[in-house]
Amino acid sequence: MEKIVSVKNLKKAFNGFMAVDDVSFEIGKGEILGLLGPNGAGKTTIIHILLGLTIPTSGEIKIFDMELCKKRREILNYINFSSSYVSLPLSLTVRENLRIFAMLYGIKNSKDRIDGLLNDFEITDLGDKLVRKLSSGQVTRVCLAKALLNEPKLLLLDEPTASLDPDIADKTRRLLKRFRDERGLTILYTSHNMKEMEEMSDRIVFLDKGKVIAAGTPDDVVKEFKKENLEEVFIGVARGEG
Amino acid sequence: MSVHRIQAIFLRQLFLYKRSIPRLMGVLYWPVLDLVLWGFITIYLNQYRGTLPAFVSFFLGALILWDLLFRAQQGISISFLEDIWSRNLLNLFVSPISVSEYVISLMFVSLIKIILTASVSIFLAWLFYSFNIFIIGVSLLPLVLNLLLLGWAIGIFTTALILRFGSQAEVLAWGVAFLFQPVSAVFYPVSVLPYPIQVLAMWVPSSHVFEGMRTVVSGGGFPVKELTWALSLNLFYLLFATLFFFRMFKAVRVKGLLGKIGE
């Protein structure tokens, strides 16, 4: 399988505190990798490092076989990101926001692509509404549409369905899987919803206190911890029960 | 350097102002208020002129020019804050936009804001007080350019501090330009300042601009020396501010603070 992301011996220390401690993993083309772990495990730090927002203390990161530290801006053309803690300018309409991001990614004839994404996320009727007038779930869907504007090869999603109701969350997961199947989109995903992780992820990397404590398919990890499901694994780790 | 990315940030600010009356008021309210206040003070003091020629021109010219500097600085700092307030900064910096493209686009935003502000101020000064700033003649252009450069330098420096220290440094966006006002000798000649501050004023480009303006208004001709000083200092400060911004951007990436700005 073609490697899209390769992370080797990644470390990040903040004032002596190891937020990411010797983490290594790879993601193949079209794969959905779930990053899992309690709060403070280092998931968001890893995503920020992969986006070039945070500079690691040490380690090697290659995306599309290019070194992130040397080719950051070139790589950013082909990846995108969405998170529940990031929003969009509230005083702009949905279409205005998407048009601006289309320009940032150098997309020509962006109107058709924007229309297509609004349709995919079932938010066509919100196109001319100000973002401030949308519910948090609707903003999340607009942010996800933004994240797919440049037809990324790698999508980094930090708790993307946190503010969605179960119906929309399910539709969003199906949509992301459809993009993966149709376009070979590779996804790195974090969520605190363990059922979602089991459903979405081909493989998971389980983090605790910055270290990888388990990796493999969701079934493998559940078996390794001798639990019934990922939720039990998660609770056990979070409570220090091993 | 990509034109479409610079256009994107510029367009984002344009959309923001298009339908926001409070933001438009912010661009127009203070200049108009200053102009009304200082205009009346000038009219009052003008009754006692006698020894001070071109009194109205000194004051109102200085007022309009000072406001250009202030707006140029705010055009950069406040535009940056808009992205923090809307939690949009991460979206921008995970796109392929470079720091230089972002800063240049904010400079364009600032330019549009000062054109808007200056147009209103100049028109009102002419309407209310029959003051025509264009009596300064061709010198007006380099004077304005120098104030614009200094406003950008202060704006970029302030923005770098906000980037590094987050919301606790936001207050700088509103007040930092006023630190330069006393030493810039906006409404009085540098010679009235105490000697140590006169020495300090030599290193402040705006003091040369306002001295230059007074020279022109008094009929002293094109202020070559003052403008050369101002331009040299401005280019140095603009370079310094830009390098400082790059340094802070890197420091923020090392400390992992980019995702926490605005919290």
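1. Thr93(A) counts as buried, because its relative accessibility is 9%, under the 20% cut-off. This residue sits in the loop of chain A that runs between β6 (79-83) and α3 (94-104). The structure discussed here is a predicted model.

2. Which residues does Thr93(A) contact, leaving aside its neighbours within four places in sequence? In chain A they are Gly127(A), Asp128(A), Lys129(A), Leu130(A) and Val131(A), and from chain B there is Arg19(B).

3. Helix α4 of chain A spans residues 110-120, and its buried residues are Ser110(A), Ile114(A), Leu117(A) and Leu118(A). These residues lie on the same side of α4(A), because the arc they cover around the axis is only 100°. An α-helix has 3.6 residues a turn, so residues three or four places apart point the same way.

4. The buried residues of α4(A) have packing partners in chain A: α3, α5 (136-148) and α6 (166-183). Asp112(A) and Asn119(A), on the other side of α4(A), are exposed.

5. On confidence, the predictor assigns the complex an ipTM of 0.87 and a pTM of 0.88. Chain B has a mean pLDDT of 87, with 96% of its residues at 70 or more.

6. Where in chain B is confidence lowest, and where is it highest? The lowest is in helix α2 (residues 21-46) of chain B, with a mean of 77, and the highest is in helix α10 (residues 224-255) of chain B, at 95. Where pLDDT is low, the predicted coordinates should not be read in detail.

Definitions and conventions
Residues are numbered from 1 along each chain as its sequence is written. Chains are lettered from A and ligands numbered from 1 in the order in which they are written. This is a predicted model: local features need pLDDT of at least 70, side-chain atom pairs count only at pLDDT 80 or more; totals for chains, interfaces and linings use all residues. Side-chain values use heavy atoms; hydrogens and water are left out. Helices (H or I, at least four residues) and strands (E, at least two) are DSSP runs, numbered from the N terminus. Buried means under 20% relative accessible area, exposed over 50%, partly exposed in between (1.4 Å probe, protein chains only). Contact means heavy atoms within 4.5 Å. The arc is that of the directions from the helix axis to the C-beta atoms. pLDDT is the predictor's confidence in each residue, from 0 to 100.
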